[in-house]
Amino acid sequence: MIRFIGISLIALLFVSCGNTSKELAMNSSDEEMQQEKKYEVTKTAEEWKKLLTSQEYNVLREAGTERPHTSPLNKQYAPGTLVCAACYAPVYENEHKFDSGTGWPSYDRAIEGQVERDVDYKIGYARTELKCNTCGSHLGHEFNDGPKKTTGKRHCINGVALNFVSKGEELPALRK
């Protein structure tokens with residue numbers, strides 16, 4: 001009887017420790033994830049390097065982070081739309097911006113369907129990474145310490161990952 005229970009527990013352990021496809025995706029490298037999902041705008045690393053500044057490339061394509069308090073967008077509150085600096089897809093409306101005091105532009109929500117969430121472990125623990133849903137570029141991270149009166153979320157975004165388009169101006173065409 002004890003032997004049967006022991007064998008049953010070992011079998012249960014093997015079954016419960018199997019990786020689901022979601023766990024596999026969360027443990028995959030950024031390059032593997034980029035290859036799995038097909039984005040509307042796709043370019044090689046060399047093509048992105050020709051289009052972006054070195055700082056934009058570092059943030060957007062290598063998931064870097066700009067220094068806090070360095071972006072002019074941090075204090076930009078005029079009505080308008082923020083587009084991905086890589087592909088020009090609209091990702092945020094400035095009406096959803098708030099001063100988080102962190103030194104990075106912060107929004108309580110993205111334009112619906114324009115920003116995807118992923119999990120990254122780059123600093124040793126899981127964080128919700130925010131990426132442009134059109135080209136897969138890294139924008140920033142999502143935290144649960146945003147305005148309680150709205151979504152409770154804080155999208156902490158690298159200003160270099162965005163271009164501001166004033167309300168009334170035509171949005172740029174996608175950079176295909």
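Visitor: In which sense do strand β6 and β7 pair, and over how many bridges?

Guide: Strand β6, covering residues 127-132, pairs with β7 in the antiparallel sense, over 4 bridges; please keep in mind throughout that the model is predicted. Within this pairing, Thr 128 stands opposite Glu 142 in β7. The hairpin of these two strands has 5 residues between them, and Gly 136 takes a positive phi near 80° there.

Visitor: Which strand does β7 join besides, and how do the two run?

Guide: Strand β8, residues 154-157, is joined to β7 by 4 bridges, and the two run antiparallel. His 141 stands opposite Cys 156 in β8.

Visitor: How should I read side chains along a strand in general?

Guide: In a regular strand the side chains alternate between the two faces of the sheet.

Visitor: In what order do the 3 strands of the open sheet come?

Guide: The order is β2-β1-β9, with antiparallel pairing. The edge strands, each pairing on one side only, are β2 (90-93) and β9 (162-166), and the twist from one strand to the next averages 30°. Strand β1, residues 80-84, pairs with β2 in the antiparallel sense over 3 bridges, and Thr 81 stands opposite Glu 93 in β2.

Visitor: How many disulfides does a search of the whole structure find?

Guide: The general idea is that a disulfide is a covalent bond between the sulfur atoms of two cysteines. Here a search of the whole structure finds 0 disulfides. For Cys 135, the nearest cysteine sulfur is that of Cys 87, 3.7 Å away; since a disulfide requires the two sulfur atoms to be within 2.5 Å, Cys 135 is in no disulfide.

Visitor: Is Cys 135 buried or exposed, and what is its relative accessible area?

Guide: Cys 135 counts as buried because its relative accessible area is 2%, and the cut-off for that word is under 20%. Cys 156 is likewise buried, with a relative accessible area of 12%.

Visitor: Where does Asp 99 lie, and with which residues is Asp 99 in contact, leaving aside its neighbours within four places in sequence?

Guide: Asp 99 lies in the loop between β3 (97-98) and β4 (106-107). Once the neighbours within four places in sequence are left aside, Asp 99 is in contact with Lys 75 and Tyr 77. The side chains of Asp 99 and Lys 75 are joined by a polar contact of 3.4 Å. Tyr 77 is 22 residues from Asp 99 in sequence, while in space the two are 9.5 Å apart, C-alpha to C-alpha.

Note on methods: Residues numbered from 1 in each chain as written. Predicted model: local features only at pLDDT ≥ 70, side-chain atom pairs only at ≥ 80, totals over all residues. Heavy atoms only, no water. Pairing = 2+ DSSP bridges. Axes fitted to C-alpha atoms, helices over the stretch in contact; angles between N-to-C directions. Buried < 20%, exposed > 50% of the residue type's maximum accessible area, 1.4 Å probe, protein only. Contact = heavy atoms within 4.5 Å. Polar contact = N/O pair within 3.5 Å; in protein donor to acceptor, adjacent residues only side chain to side chain.
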